Amino acid sequence: MSITGTTLPITVLERKLTFFNQRCRDWTHPYAYQNDENLSSAGCGIFSLCHCAQWLTGNVQTPEKWADFSCANGCRGD
């Protein structure tokens, strides 16, 4: 199965989740460290956090929200 688009509703162990597809080039929200990276090119940790937080809490938080929080709190750098 080929996944296209930014999100896909999925079911895992009978739980409905929103899968965020990092491979989709539509994730253009900036997430720069040294260059012009965005969520599609450099957001692997953010996408993982989205999926883990959703599994643990049942609440969906967008990758853009987590990326902005990360950058605002010094987590995108050395």
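I began on the outside of α3: the face turned away from its buried side carries the exposed residues Lys65 and Ala72. For the record, buried is under 20% relative accessible area, exposed is over 50%, and partly exposed is in between (1.4 Å probe, protein chains only). Helices here are DSSP runs of H or I with at least four residues, strands are E runs of at least two, and both are numbered from the N terminus.

Note on the source: this is a predicted model, where local features need pLDDT of at least 70, side-chain atom pairs count only at pLDDT 80 or more, and totals for chains, interfaces and linings use all residues. Residues are numbered from 1 along each chain as its sequence is written, and side-chain values use heavy atoms, with hydrogens and water left out.

**Buried side.** I then listed the buried residues of α3: Pro63, Ala67 and Ser70. Seen down the axis of α3, they fall within an arc of 65°, so they line one face of the helix; the arc is taken over directions from the helix axis to the C-beta atoms. Their cover includes β2 (15–20), α1 (39–42) and α2, with contact meaning heavy atoms within 4.5 Å.

**Ser70.** I looked this one up separately. Ser70 counts as buried because its relative accessibility is 8%. Leaving out residues up to four places away in sequence, Ser70 touches Tyr31, Ile46, Cys75 and Arg76.

**α2 against α3.** How do the axes of α2 and α3 cross? I found that the axes of α2 (residues 44–57) and α3 (residues 63–72) come within 9 Å and cross at roughly 115°. Those axes are lines fitted to C-alpha atoms over the stretch in contact, and angles run from 0 to 180 degrees between N-to-C directions. From α2, the contact uses Ile46, Phe47, Leu49, Cys50 and Ala53; from α3, Pro63, Trp66, Ala67 and Ser70. I sorted these into 8 nonpolar, 1 polar and no charged. The sorting rule has Ala, Val, Leu, Ile, Met, Phe, Trp, Tyr, Cys and Pro as nonpolar, Asp, Glu, Lys and Arg as charged, and the others, Gly among them, as polar.

**Rings.** Trp66 is partly exposed, at 22% relative accessible area. Trp66 and Phe69 form an edge-to-face aromatic pair, 6.3 Å centre to centre with 90° between the planes. The rule: rings of Phe, Tyr and Trp (its six-membered ring) pair with centres within 6.5 Å, and planes over 60 degrees apart are edge-to-face, under 30 stacked, the rest tilted. Trp66 and Phe69 sit 3 residues apart in α3, so about one helical turn separates them.
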